[in-house]
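Please view the sequence and the model below before reading on.

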Amino acid sequence: MLYEQELKTFVEGTTNFFEVAAQQPASIGSPYLMEGSPSVHEYTGVINISGKREGVVYFTAPKAMLTVLLMKMQENDFSHETMRDLVGEVANTISGNARRDFGRDFVISVPSVVSGEKPSIPLRPGHRSFIIPINWRSHSAKLVVALA
Amino acid sequence: MTVAGTERRRQLATAFIGTALTLVMGAVLIWGFHLATNMRANITALQSASALQNYPEEIAHQLNTLRDRLEVRAYSGQALSDLQATVTRFDQELKKINTGGNSESPQLDRALLLWHQYRPVLDPVVAFAGQPYVESDSAGSALSREGRKHYAEVKQAQLFAADNARPLQAQLASLASTLQHSSSDAADHLRGLLFVGVIAALMLAGAAAWFQRARNRQERVARDATEQTRDILKTVREGFFLLDANYRIGSVWSEALTRMFSRNDFAGLSFEELLQNLVPAATLSTATKYIKLLWGDRAHENLMKSINPLGQLEITMDNGHGSKETRYLQFDFHRVMGPEGVKHVLCSVGDITSSVLLARELHDSQENANQQLDMMLGMMHVDPLQLVSFLDTAETGLKLVNTILREPARTDAEFRKKLNGLFREMHSIKGEASALNLKSIASRVHSLEDMVSDCKKRPELSGNDFLPLVLKLDDLLAHLRGVREMASRLTAIKDTPAGIAAQTATLSTTMPSMKLSAATPAPPAPVATPERGAPRSVEDLRPALQSMAERLAHDHSKRFKLTMAGLSEVPTAYSATIKDCLIQMLRNAAVHGIESPDVRQANTKDAEGTVRVEFRKISDGYELVFEDDGVGIAPDSLRTAAVRKQMITEEEAAGMDTRATMALIFRPGFTTQDGVSMDAGRGVGMDVVARSVYALGGKIGVSTHPGRFTRFKIVLPPSEAASSTAVA
């Protein structure tokens, strides 16, 4: 069973990124559960976790949200690669937070980035994921925590 | 004898020997000084005596010279002058010897006596100051009258000197010899004394060396001890420190303390300051009082240990990475006694975080195992089909809860709106779980309800507040899955011949009258296999409702019988609603309606109450009557409760008629109970009943007579009409 503190670590990692990078905090929406693979947005940063917990944690965001985020970060390059780098950076922050809080109990992979309409993110079959909407300005992304 | 006692004795002996030797040295030096002083006087006297030995001879010689001069009428002034000087010197030297500490010498006494006889003879000679000659032409130089007298005195002195010069000289020689002997003796004494002094000095030096060696050894031992103490304090996993009478930490502590508290400025820190900001104020206050108690002379240590409030202290502190971390520390206190009572309090601190977490996991695991056992035992008494039906309903309900959660929300109002919907869904699940005596599910739903209730009380809601809810929902769904798997296994066991035999044995034990027929071999009755989603009639719930009524009566110290009629008439379309209504109204009747036996008897009622349920078909549909002969509903108590919960104002309450007052029962969140229990207190149940009845196009009414009864009447349309209403 996942603990509240563990979930909060991933959530804080995500919201902190917005606060630091865009100087504008993100809030979380109403969290819920989902069986099977949740739908993803155009860009997704994934970290694989093993050790005390097994599974994946990923941050998936629509292109529009990332574009505005880049603008807030004074970036002029809105290319596909920059978008990928940005979600990768969010995943990296989540990963850093997890390493800091969980220490050696968690083995956390280097973040990877997938993009496209239906990217393949391997989830454990028959397992529920926690979906936490990340609201920033008028946009909404998702943090998906699928750990067992 | 202790090591400290031996050391103290050694120190005292050291001090005594050192002092004694120093005193001896002092005495030797003083005596030596005295001897040296005497020696010096003796040597001076000896020198004087040696010098004076020649004076009597010289005086006699000078007298002869003076006489010769006078006889030949030669110049005598020089001779007289020499004599005067010699006499004066002799006299002075003799006086000096006499006053130099040799006054008791007999030789000196005799010499002085002779000199005292000699001096009156010499004095007229040396005192002569006249003209000894007269000059005449006839006789030339001749003695004058004064000269003749002077000559005579010289002659007399010469004669005295002839007789006494030698004895005087002998006495002075003897005195010189005596003084020489005396000096020699004093030198011997001084040498002996110096020898003693040297011996004493050597002994003192030896003692000092011995003491220094002992001191070096002690210092080495002390240094080793200090080093060992430092190593222990550096290595030990517990935090150690001493508290003084002002409850302040001493200057020595173990390094583990630094790791535990992430600081190293412990010296002089008060115990209160150590725990400040780490524990709640109430705990800090209790801990401080406890520490003060430890200093009391009458405090019994074992007793104090048993009331130690810091046996397992939860502290929250920064983990050094910017986030908080919870640790569990165990404080233990031992009083260090001195001659005048408690000297220090030794405090040991252990980090028992891993033990506590392990114990908690063990407890959870044990709890889980117990719950599973309870669940399994409970499930054995539940119709498998009914159980599967409940699990389906519960899962559907929880999915609905998840759907409510999934609705996007950003504002406080949007989040708050979700809470009422969550309450309604969970309340139905909990009710049915209670009815089936599935305690682990009911308690989980109850705690989820508690979380929702806590959320309602918060001034501003956000998604963060819903994180615990979704975790609990996940746990509940996982538990339901576990229960379903267990149900499948139980069904499989029941299906086996051994299982059937066991069931038959149970029946034969509980129903002896059937024993004969049971003993007759018969083909096993077909055991129903749980099927998902199979609709169950309310009639099937009858045993569960009866056992629920018994449990409620037991839990709330009530006595009542439940009679149910016509439940087999409930159309399938109404099964779920009637089931929910019955469960909720039964709980209400047990908690709020039926009085305790004492109260009932005091009100001339039977000790055992009655709850009556009747379902029947009527001309324009169906009717469910639920009645208890309990305390009834007093409209005033409803209005008071509504005002207390700020659902209506006092003015509104005053203007409400009985009908409007009774309608309060169906308002969401309304309850007359102050606290929340497993069975009542959230004000959700009758709201759920009313909503589900209205959803079917039905009506609900309540009639009551305070002190006599409460009757709910639910009227539902024909089932076809209900189906169309539901679809619409």
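Axes are lines fitted to C-alpha atoms, for helices over the stretch in contact, and angles run from 0 to 180 degrees between N-to-C directions. With that convention, helix α3 (residues 77-99) of chain B and helix α4 (residues 106-126) of chain B cross at roughly 155°, and their axes come within 11 Å. Angles over 145 degrees count as roughly antiparallel, and α3(B) and α4(B) are therefore roughly antiparallel to each other. The crossing in which α3(B) passes α4(B) is left-handed. On the side of α3(B), the contact is made by B:Leu83, B:Gln84, B:Val87, B:Leu94, B:Ile97 and B:Asn98. On the side of α4(B), B:Leu108, B:Leu112, B:Trp115, B:Leu122, B:Val125 and B:Val126 take part. By class, the contact of α3(B) with α4(B) comprises ten nonpolar, two polar and no charged residues.

The model described here is predicted. The table sets out its two chains.

| Chain | Residues | Buried |
|---|---|---|
| Chain A | 148 residues | 43% |
| Chain B | 728 residues | 29% |

Chain B contains 24 helices and twelve strands, whereas chain A has three helices and eight strands. Along its sequence, chain A follows the pattern α-β-β-β-β-α-α-β-β-β-β. Among the contacts in chain A with a separation of 6 or more, 68% are between residues 24 or more positions apart. For chain B, the corresponding share is 66%.

Helix α1 (residues 4-21) of chain A packs against helix α3 (residues 80-102) of chain A at an angle of about 135°, with the axes 8 Å apart. The two helices α1(A) and α3(A) are therefore oblique to each other, and α1(A) passes α3(A) in a right-handed crossing. Residues of α1(A) in this contact include A:Phe10, A:Gly13 and A:Phe17, while those of α3(A) include A:Val90, A:Ile94 and A:Ala98. The contact of α1(A) with α3(A) has five nonpolar, six polar and two charged residues.

Chain B holds an open sheet of five strands with mixed pairing, in the order β8-β9-β10-β12-β11. Strands β8 (560-565) and β11 (699-705) of chain B each have a single partner strand and stand at the edges, so one side of each is left without a neighbour in the sheet. On average, and with direction ignored, neighbouring strands of this sheet are turned by 10° against each other. Strand β9 (residues 609-618) of chain B runs antiparallel to strand β10 (residues 621-628) of chain B, and eight bridges join β9 to β10. Within this pair, B:Arg612 stands opposite B:Glu627 in β10(B). Helix α17 (residues 542-555) of chain B packs on the sheet and touches β8 and β9 of chain B. The direction of α17 makes about 160° with that of β8(B).

The two chains also touch each other. How many residues does the contact take from chain A and from chain B? Chain A contributes 18 residues and chain B contributes 23 residues. On the side of chain A that touches chain B, the elements giving two or more residues are α1, β1 (27-28), β2 (32-35), α3 and β7 (128-136) of chain A. The most is given by β7(A), with four residues. By class, this side of chain A has nine nonpolar, four polar and five charged residues.

Definitions and conventions:
Residues numbered from 1 in each chain as written. Chains lettered and ligands numbered in written order. Predicted model: local features only at pLDDT ≥ 70, side-chain atom pairs only at ≥ 80, totals over all residues. Parallel < 35°, antiparallel > 145°, perpendicular 65-115°, else oblique. Left-handed = near helix turned anticlockwise from the far one by under 90°. Contact = placed C-beta atoms within 7 Å. Nonpolar A, V, L, I, M, F, W, Y, C, P; charged D, E, K, R; others polar. Pairing = 2+ DSSP bridges. Buried ≥ 20, exposed ≤ 12 C-beta atoms within 10 Å, placed from the backbone.
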